[in-house]
Amino acid sequence: MRINKDSHVFTIFFTFAVTLVLVFPLTLAFVTTKPIADNYWRLQHWVKTLRSMGISADAAHPHQAERAYQALKKYTVKGTVNYDAVKANPHSLAITRVNDEVINKALQDTSYTGNLPIFFYSTVVDGQKRWAGDFTGPGLWGNVSLAVGVNADGSQITGVQVLFDVETPGLGGRIGEPWFTGQFKGLETSQGVVFNPSGQKLPNGMDAIAGATITSTAVRDILNNRALILLKAFIAQKGGQS
Amino acid sequence: MSYVDPITLLFASIFTSNIILANFLGTCSFIAISKDLGSSNGLGIAVIVVLVLSSAISWPILHYILIPWNMIYLDLFAYIIVVAAVVQALEMIIERVSPALYMSLGIYLPLIVANCAILGVVLFMEIRNYDYVQALIFGFGSGIGWWLAIILAAAMRKKIDKSNVPAGLKGPGITLITMGLMAMAFVGFSGILRVQ
Amino acid sequence: MSMPTFRQVTKENLSVNNPVLVQVLGICSTLAVTNKVVNTLIMTVGVSLVTAFASFTLSWIRHLIARRVRMIFQVLAITFYVVLFQLILNAFAPEVARSLGPYVGLIITNCIVMGRTETFAPANPPLISWWDGFTSGIGYMAVLVLLSVIREPLAFGTIADFPIFPPQYVSDGYNWTIAIMAPSAFFLVAIIMWVFKTNGLKKEEALKAAKTANAMGGAA
């Protein structure tokens with residue numbers, strides 16, 4: 001029988017067949033590559049969370065990073081966060097302990113989107129309390145997820161690391177580079193983070209990336225409108241405990 | 001995430017976050033078609049229609065199929081099928097309903113599938129977590145923005161055609177330079193209003 | 001029309017009919033990724049492979065597709081390879097996948113891929129379609145790498161991340177911000193196009209002059 005390739009029935013059938021044939025190998029590829037992508041994302045998460053608290057960690061030594069990460073105390077937030085309410089009353093934030101399994105599950109769900117839930121960490125470095133958290137906000141192309149650490153009383157940033165971003169290559173995508181993330185160490189938090197005026201370095205000032213205004217602003221806003229507010233509430237609630 | 005109200009979103013998607021001059025999506029057909037004002041108008045309108053329809057169809061697919069069934073890795077696949085199907089269906093409908101419109105608009109329809117602006121807008125809709133109304137408005141506004149940009153460029157090219165341009169730079173060359181200047185002007189807009 | 005040979009296809013795609021300089025295709029991603037050489041290379045390798053395999057596939061099933069609905073099959077095949085490329089990058093080169101971000105997905109609507117699968121693949125057998133797609137990608141790569149080799153030193157003082165200017169070039173603000181941003185690619189492509197086209201025009205004139213001379217000689 002000759003196929004009438006102009007008939008609607010054939011076209012629709014053939015389209016479905018081709019779609020199915022193509023989706024199958026893609027699903028296979030997805031299922032086989034996902035564990036590899038997940039491992040990378042988890043390791044990045046360990047290393048960068050530790051670094052944001054001023055603890056040295058290296059992706060080349062995954063076991064060390066894992067042990068150090070497991071030693072942290074971990075918390076999460078119950079329900080959705082009302083930032084204005086938390087700003088007015090730090091104790092209105094509902095914080096609970098979580099175990100590593102919950103975090104691992106969350107990491108598995110977010111390895112392609114970076115849409116991490118909020119997690120808090122606390123530990124002691126050189127006899128001093130350190131606090132950190134994972135905070136996600138919108139960038140230009142997708143989520144920007146940051147690990148932000150502060151010192152015992154929350155007055156200074158101990159480090160900022162970019163956990164996830166899909167910003168424009170060569171422009172906003174440079175937020176992951178050490179020269180950018182390194183500048184946050186030691187910044188004062190009481191007034192919030194601002195952009196440095198050109199040629200000056202303020203005690204709470206960061207340099208924006210030239211040509212990537214939106215991404216730079218996204219980082220500043222995640223710090224001011226999410227990270228610093230929630231970390232303050234976290235310290236207010238857990239800071240009294242030893 | 002903070003809610004962007006529809007009017008701001010519409011304004012932003014037309015001017016400050018213009019899909020072509022601020023995000024540089026959809027430049028190929030822009031350069032090819034902007035040499036003629038009439039065609040530019042036709043393609044611009046086709047882009048608006050396709051953008052609104054694809055946003056309208058992609059949003060439910062994302063929220064009722066891809067996310068609940070955990071198939072988000074197939075998002076590009078789903079979106080491009082929607083875009084191609086919309087264009088294909090539109091082509092067939094216009095051909096049957098209004099042959100005159102088909103003659104003037106039909107030839108541009110295939111060009112739209114290869115227009116990064118469409119896929120870009122649908123991707124933005126997913127990335128920025130728009131609700132249904134926002135997705136529709138953003139699609140419509142981006143379409144208007146694209147139409148406006150191509151009309152402006154076509155008008156300018158009409159003028160440039162009469163000027164004395166070096167032979168090697170005629171056509172696409174000078175258009176690229178014009179677009180570069182337009183884009184630099186639009187960078188200034190981005191300080192006024194920002195949508196995410 | 002006689003069948004094009006591999007040699008003809010190569011020459012067409014690399015110079016005479018270069019996808020960027022002559023056909024002005026694939027401009028979207030040209031602009032954004034070309035401020036770093038490494039990103040440019042990976043992106044263009046992706047485009048070459050996707051174009052090659054999508055052309056191969058579409059040429060292979062060309063007898064089963066009605067002309068009117070060809071578009072949907074083109075995008076299906078292209079998207080398939082792009083998503084595959086993306087998944088592989090995510091797993092085996094996560095750093096690279098991260099630095100290219102959204103632009104991998106946008107290969108789908110790269111006009112070069114669409115153009116080759118629309119014009120060449122439906123009319124030719126699979127193997128030469130593969131080669132046509134691949135060489136188109138290489139022609140694209142040649143121009144983009146040239147752009148990035150100009151932009152990266154001006155923007156960041158490096159080529160493929162090897163410093164060629166002293167670090168003060170960036171830290172003291174001597175670098176060209178314009179070279180980082182997308183509009184500079186518009187200007188650079190235009191300049192390269194200008195040089196390329198002027199060369200072409202000169203050759204044409206020389207050819208014409210030679211022909212006229214021949215004709216005159218014949219008359220005499």
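Two strands count as paired if DSSP finds at least two bridges between them. In this predicted model, six strands of chain A form an open sheet by such pairing. Their order is S2-S1-S3-S4-S5-S6, and the pairing is antiparallel. Strand S2 (95–97) and strand S6 (157–164) of chain A stand at the edges. Each has a single partner strand, so one side of each is left without a neighbour in the sheet. On average, neighbouring strands of this sheet are turned by 25 degrees against each other, direction ignored.

One pair within the sheet can be followed in detail. Strand S3 of chain A covers residues 119–125, and strand S4 of chain A covers residues 128–138. The two strands pair in the antiparallel sense over seven bridges. A:Ser122 stands opposite A:Trp131, a residue of S4(A).

Helix H6 of chain A spans residues 213–238. This helix lies across S2, S3, S4 and strand S5 (143–150) of chain A. Helix H6 of chain A runs at about 140 degrees to S4(A).

The contact between chains B and C was examined next. Chain C gives 33 residues to this contact, and chain B gives 35 residues. By class, the side of chain C that touches chain B has 27 nonpolar residues, five polar residues and one charged residue.

Definitions and conventions:
Residues numbered from 1 in each chain as written. Chains lettered and ligands numbered in written order. Predicted model: local features only at pLDDT ≥ 70, side-chain atom pairs only at ≥ 80, totals over all residues. Helix = DSSP H or I, 4+ residues; strand = E, 2+ residues; numbered from the N terminus. Axes fitted to C-alpha atoms, helices over the stretch in contact; angles between N-to-C directions. Contact = placed C-beta atoms within 7 Å. Nonpolar A, V, L, I, M, F, W, Y, C, P; charged D, E, K, R; others polar.
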